[in-house]
Amino acid sequence: MNKEVTGNKKLYVLRKKRGETQEEVAASVGISVSAYNSYETGQRTPRDDVKARLAKHFDRTVQFLFFS
């Protein structure tokens, strides 16, 4: 399975599990809603600093979100 798709699916699942909107996650991480949406849909891959902020937001490791 493509590692990037795995990360995107995990972002979606974790966000839904927490009952958050894309707008809430984007605001918490300090990115635009369109950027977050593009990460979830697989159109873009976040920069390393954004990966770290997303991992912190979801209380997971970057490795878990994007590489496992």
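This is a predicted model: local features need pLDDT of at least 70, side-chain atom pairs count only at pLDDT 80 or more; totals for chains, interfaces and linings use all residues.

Student: Why is Arg53 called partly exposed?

Tutor: Buried means under 20% and exposed means over 50%. The value for Arg53 is 33%, so Arg53 is partly exposed.

Student: Which class, buried or exposed, does Lys51 belong to?

Tutor: The relative accessible area of Lys51 is 9%. The limit for buried is under 20%, so Lys51 is buried. Its salt-bridge partner is Asp48, at 4.0 Å from N to O. Asp48, at 62%, is over the 50% limit and is therefore exposed. Asp48 and Lys51 are three residues apart in helix 4.

Student: How do you know that the charged end of Lys51 sits over the ring of Phe66?

Tutor: The distance to the ring centre must be within 6 Å, and for Lys51 and Phe66 the value is 5.5 Å. The rule also limits the angle to within 35 degrees of the ring normal. Lys10 likewise lies over the face of Phe64, at 4.1 Å from the ring centre.

Student: Why is Arg15 called buried?

Tutor: Arg15 has 6% relative accessibility, and buried means under 20%, so Arg15 counts as buried. Arg15 is found in helix 1. Leaving out residues up to four places away in sequence, Arg15 touches several residues, including Val25, Tyr36, Glu40 and Phe58.

Student: What makes Glu40 and Arg15 a salt bridge?

Tutor: Their closest N and O atoms are 2.6 Å apart, and the limit is 4 Å, so the pair qualifies. The bridge links distant parts of the chain, with Glu40 in helix 3 and Arg15 in helix 1, 25 residues apart. Both residues are buried.

Student: Which residues touch the most other members of the largest nonpolar core?

Tutor: That core has 15 residues, and those touching the most other members are Leu11, Ile31, Tyr36, Tyr39, Leu54, Phe58 and Leu65. Helices 1, 2, 3, 4 and 5 each give two or more residues to this core.

Note on methods:
Residues are numbered from 1 along each chain as its sequence is written. Side-chain values use heavy atoms; hydrogens and water are left out. A nonpolar core is a set of buried Ala, Val, Leu, Ile, Met, Phe, Trp, Tyr and Cys residues joined through side-chain atoms within 4.5 Å. Buried means under 20% relative accessible area, exposed over 50%, partly exposed in between (1.4 Å probe, protein chains only). Helices (H or I, at least four residues) and strands (E, at least two) are DSSP runs, numbered from the N terminus. Contact means heavy atoms within 4.5 Å. A salt bridge is a side-chain nitrogen of Lys or Arg within 4 Å of a carboxyl oxygen of Asp or Glu.
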